Amino acid sequence: MTPGVRPLIAGNWKMHGSLSEARALAGAVAEGKVQGAELLVCPPFPYLLPVQGALAGSTVALGAQDCHAAAKGAHTGDISAPMLKDCGAGFVILGHSERRADHGEDDAAVRAKAEAVLAEGLVPVVCVGESEAQRLSGEAEAVVAGQLAGSLPEGFAQAHGVVAYEPVWAIGTGRTPTEDDIAAMHARIRAELAARFGAAGGTLRILYGGSVKPGNAKAILALPHVDGALVGGASLVAADFLAIASAV
Ligand code: PGA
């Protein structure tokens, strides 16, 4: 944890659940009344408004999982940052490895989307992380540094942008890096942020993501420069998500 920084526990629901399940999950998270961390849930697009309703009166924030780089236009099937803002989203996850893999999003595309998010006054949550081959060949830190340089726009620090370090091989696999490896990567990310953004980079939140569960959350969240978690599978079970948030 970075001293003085309020941790963020973010749930990435991906393409899971029905409308009634989304409402129930959001309602249960809202009732959790977690003290030590800010909570964020990121449902699929069609559930943003009903989830916003289920969160009403709580302090749980609402986010989306992607957006288009343009504010409007002829882009069939896409969703813009102004639309997300209209639906109550305060955060937008960008550059998740599943989008980088499934939709060919490169660093430049992620940066353009992040600029669109900043233009609406929303907070980008920019994901970075190495593949298993890159980890094994010793390139992990260089890969992540390159992704940061390419994906983070100017203005990221002023907007209190969030970085999520998610090793691709740890997502949904039940495997995680060693605590030493997580700490080393987060220290490297902190150094990159400070070099680029100065003092403001020293207090940006850096989340860890990849198989965070109630059983490993406490140890991971205690590491230096780990300022929260981006949680996939375990965020679909309210009790597990709240247990992770309570481990801060
Ligand atoms: P996981 O997913 O917690 O299911 O590993 C994390 C993520 O992809 O954000």
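Predicted model: local features only at pLDDT ≥ 70, side-chain atom pairs only at ≥ 80, totals over all residues.
Guide: In it, a polar backbone atom of Gly-233 lies 2.8 Å from an oxygen atom of the ligand.

Visitor: How many residues surround the ligand, and which are the closest?

Guide: The ligand is surrounded by 13 residues. The closest are Lys-14, His-96, Glu-166, Gly-172 and Ser-211.

Visitor: What does Glu-166 do with its side chain there, in distance terms?

Guide: An N or O atom in the side chain of Glu-166 is 2.7 Å from an oxygen atom of the ligand.

Visitor: And Gly-172, which part of that residue lies 2.6 Å from a ligand oxygen atom?

Guide: The backbone: an N or O atom of the Gly-172 backbone sits at that 2.6 Å distance.

Visitor: Switching to strands. Are the residues of β6 buried or exposed?

Guide: Strand β6, residues 162-165, is covered on both faces. Val-162 and Ala-164 are buried on one side, and Val-163 and Tyr-165 are buried on the other. In a regular strand, side chains alternate between the two faces of the sheet.

Visitor: Which strands pair with β6, parallel or antiparallel?

Guide: Strand β5 (residues 123-128) pairs with β6 in the parallel sense over four bridges, and Val-126 stands opposite Val-163. Strand β7 (residues 206-209) also pairs with β6 in the parallel sense, over three bridges. There, Ala-164 has Leu-207 as its bridge partner.

Visitor: Through what does the chain get from β6 to β7?

Guide: Through helix α8, residues 179-197. The β-α-β crossover is right-handed.

Visitor: Now helix α10. Which of its residues are buried?

Guide: Helix α10 spans residues 238-246, and its buried residues are Ala-238, Phe-241, Leu-242, Ile-244 and Ala-245. They lie on the same side of α10 because they cover an arc of only 155 degrees around the axis.

Visitor: What is on the other side of α10?

Guide: Ala-239 and Ser-246 are exposed there.

Visitor: What covers the buried residues of α10?

Guide: The cover includes β1 (8-12), α1 (19-30), β2 (38-42), α9 (214-221) and β8 (228-231).

Visitor: Take α9, then. Which residues are buried in that helix?

Guide: Ala-217, Ile-220 and Leu-221 are buried in α9. Their arc around the axis is only 85 degrees, which puts them on the same side of α9. An α-helix has 3.6 residues a turn, so residues three or four places apart point the same way.

Visitor: And which residues are exposed on the other side of α9?

Guide: Gly-215 and Lys-218.

Visitor: What do the buried residues of α9 pack against?

Guide: They pack against β1, α8, β7, β8 and α10. Helix α8 is the one in the crossover from β6 to β7.

Key: Residues numbered from 1 in each chain as written. Heavy atoms only, no water. Buried < 20%, exposed > 50% of the residue type's maximum accessible area, 1.4 Å probe, protein only. Helix = DSSP H or I, 4+ residues; strand = E, 2+ residues; numbered from the N terminus. Arc of directions from axis to C-beta. Contact = heavy atoms within 4.5 Å. Pairing = 2+ DSSP bridges. Right-handed = clockwise from strand over helix to strand, strands pointing away. Near = heavy atom within 4 Å. Polar contact = N/O pair within 3.5 Å; in protein donor to acceptor, adjacent residues only side chain to side chain.
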